[in-house]
Amino acid sequence: QVQLVESGGGLVQAGGSLRLSCTASGRTLSSHVLGWFRQPPGKEREFVGRIIWSSGRTSYGDATKGRFTISRISANNTMFLRMNNLEPEDTAVYYCAARADVTVRFDSWGRGTQVTVTS
């Protein structure tokens with residue numbers, strides 16, 4: 001499995017921006033897909049977006065499309081989530097996850113980083 005560590009969470013006012021990082025280790029990522037998920041307080045975990053590591057191709061969930069951008073630096077095994085125009089509804093624990101690109105289920109998870117957006 002891939003080991004994942006998130007960082008960059010914090011407290012931000014509505015309309016502000018944050019950039020989260022996810023650093024991976026333990027496997028080469030050339031055949032993996034990395035993703036971001038979030039879990040708002042009292043709610044189910046939801047998909048934020050994902051990146052195919054080999055191509056850099058991204059896709060996003062509906063709730064964050066247009067405001068959030070996923071990118072990566074392959075040489076550093078690091079994925080980023082740039083979050084712009086944050087809303088209080090974006091308050092959640094954000095998780096980084098990984099799966100092999102031939103599978104459907106994400107099976108490696110980080111511990112998460114808290115993002116709190118105040119109004």
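**View 1. Four strands, ordered β1-β3-β8-β7, make up an open antiparallel sheet.** Strands are DSSP runs of E with at least two residues, numbered from the N terminus, and two strands pair if DSSP finds at least two bridges between them. β1 (3–7) and β7 (68–73) lie at the edges with a single partner strand each, so one side of each has no neighbour in the sheet. On average, neighbouring strands of this sheet are turned by 20° against each other, direction ignored; the axes are lines fitted to C-alpha atoms. The model is predicted: local features need pLDDT of at least 70 and side-chain atom pairs pLDDT 80 or more, while totals for chains, interfaces and linings use all residues. Residues are numbered from 1 along each chain as its sequence is written, and side-chain values use heavy atoms, without hydrogens and water.

**View 2. β1 and β3 (residues 18–25) run antiparallel and are joined by five bridges.** E6 has C22 of β3 as its bridge partner.

**View 3. β7 and β8 run antiparallel and are joined by six bridges.** T69 is bridged to R82 in β8. Four residues separate the strands of this hairpin, in which N77 takes a positive phi near 50°.

**View 4. The largest nonpolar core has 26 residues.** Such a core is a set of buried (under 20% relative accessible area, 1.4 Å probe, protein chains only) Ala, Val, Leu, Ile, Met, Phe, Trp, Tyr and Cys residues joined through side-chain atoms within 4.5 Å. L34 and W36 are among the residues with the most contacts inside this core. Beyond its neighbours within four places in sequence, L34 is in contact (heavy atoms within 4.5 Å) with residues including L4, I51, M79 and F106.

Conventions
Axes are lines fitted to C-alpha atoms, for helices over the stretch in contact, and angles run from 0 to 180 degrees between N-to-C directions. Buried means under 20% relative accessible area, exposed over 50%, partly exposed in between (1.4 Å probe, protein chains only).
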